[in-house]
Amino acid sequence: MHRQQSGRARATRETLYQLGNSLEAANDGTLDLMKATADLAFAPSGEAWKWLLTQGASTREVNGTTIATGGMASAVARGIGFLGELAQGRSVSDAAERSATNAVTLGSGLIVSATEIEACGRHEAHELGHVEQAKHFGPFYLLAYLATITGSHDSHPAEINANRQAGLNSDGSAPKGWKNPWVGCK
Ligand SMILES: [Zn+2]
């Protein structure tokens, strides 16, 4: 048991080390990815992922949640969006276009976005609805999201719920006189 675990840990470490090296090469060697991979291999935690995903990104804080745009954050947001669009049957060019402005709430502490999200706007309010879900589900938030994927993105129960929590209509449009309900927005 102990032997198996240490073997797996070593394999994970080596894989992450290789991933780190290729990412580092792709980023002009400016990133301390050795540290990130070590953190990820030995102490898997939200903080290590957050550190990695905010490299090269500009960040701002809303209600204790970091919104990261640019760098790794944009790449991840676009990548996840792209796969999601393909899974819904869109063509590669359509999927690329639609994911160019995608944002994803990865947990209660981090939203990654391909492009700037307007402060206190509809999109930000929607993502903060996902943050509430992440607080509720904890580490199972993303799993819960994946497990309940039905057909289209907009009919996903978590999307409808995020819109409702943001005070938006279930399709994400704003009712007349809508105001962003989250703290700090007037
Ligand atoms: Zn959403």
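Which residue of β2 is the bridge partner of V62? The bridge partner is T65.

**Figure 1. Overview of the predicted chain.** Residues are numbered from 1 along each chain as its sequence is written. This is a predicted model, in which local features need pLDDT of at least 70, side-chain atom pairs count only at pLDDT 80 or more, and totals for chains, interfaces and linings use all residues. The chain has eight helices and four strands. Both kinds of element are DSSP runs numbered from the N terminus (helices are H or I, at least four residues; strands are E, at least two). Starting at the N terminus, the order of elements is α-α-α-β-β-α-α-β-β-α-α-α. Among the 186 residues of the chain, 27% count as buried. Burial is judged by the number of other C-beta atoms within 10 Å of a residue's own, with C-beta atoms placed from the backbone: 20 or more is buried, 12 or fewer is exposed, and in between is partly exposed. Of the contacts in the chain with a separation of 6 or more, 48% are between residues 24 or more positions apart. Two residues are in contact if their C-beta atoms, placed from the backbone, lie within 7 Å.

**Figure 2. Confidence along the chain.** The predictor's confidence in each residue is its pLDDT, from 0 to 100. The mean pLDDT of the chain is 82, and 75% of the residues reach 70 or more. Confidence is lowest in helix α2 (residues 33–42), with a mean of 54, and highest in β1, at 95.

Figure 3. Strands β1 and β2 run antiparallel and are joined by five bridges. Two strands pair if DSSP finds at least two bridges between them. The hairpin has two residues between its strands. One of the residues in the loop between β1 (58–62) and β2 (65–69) is N63. N63 is not a glycine, yet its phi is positive, at about 50 degrees. This residue is exposed, with 12 other C-beta atoms within 10 Å. Strand β2 also pairs with β4, to which it runs parallel, through four bridges. Here T66 has L110 of β4 as its bridge partner. Four of the five residues of β2 are buried, so β2 is largely enclosed by the rest of the structure.

**Figure 4. The largest nonpolar core.** A nonpolar core is a set of buried Ala, Val, Leu, Ile, Met, Phe, Trp, Tyr and Cys residues joined through C-beta atoms within 7 Å. The largest one here has 26 residues, of which L53, A68, A73, A77, A103, L110 and V112 touch the most other members. Two or more residues each come from α3 (46–53), β2, α4 (71–87), β3 (103–107), β4, α6 and α8 (157–165). Helix α6 gives the largest share, four residues. In soluble globular proteins, nonpolar side chains tend to be buried together. Beyond its neighbours within four places in sequence, A103 is in contact with A77, I111, V112, S113, A114, I117, H123 and E127.

Figure 5. Helix α4 has 17 residues and reaches 25 Å from its first C-alpha to its last, close to the 24 Å expected. The expected span of a helix is 1.5 Å times one less than its number of residues. Buried residues of α4 are A73, S74, V76, A77, R78, G81, F82 and E85. M72 lies in α4 and counts as partly exposed, with 19 C-beta neighbours inside 10 Å. M72 and A57 are 15 residues apart in sequence, and their C-alpha atoms are 6.6 Å apart in space. After α4 comes G89, whose phi is positive, near 90 degrees.

Figure 6. C120 sits in the loop between β4 (110–113) and α6 (122–137). C120 has a positive phi of about 65 degrees, although it is not a glycine. With 15 C-beta neighbours inside 10 Å, C120 is partly exposed. The 16 residues of α6 should span 22 Å, and the end C-alpha atoms are 23 Å apart, which agrees. In this helix E124, A125, H126, E127, L128, G129, H130, V131 and A134 are buried. Their cover includes β1, β2, β3, β4, α7 (141–147) and α8. G138 follows α6 and has a positive phi, near 60 degrees.
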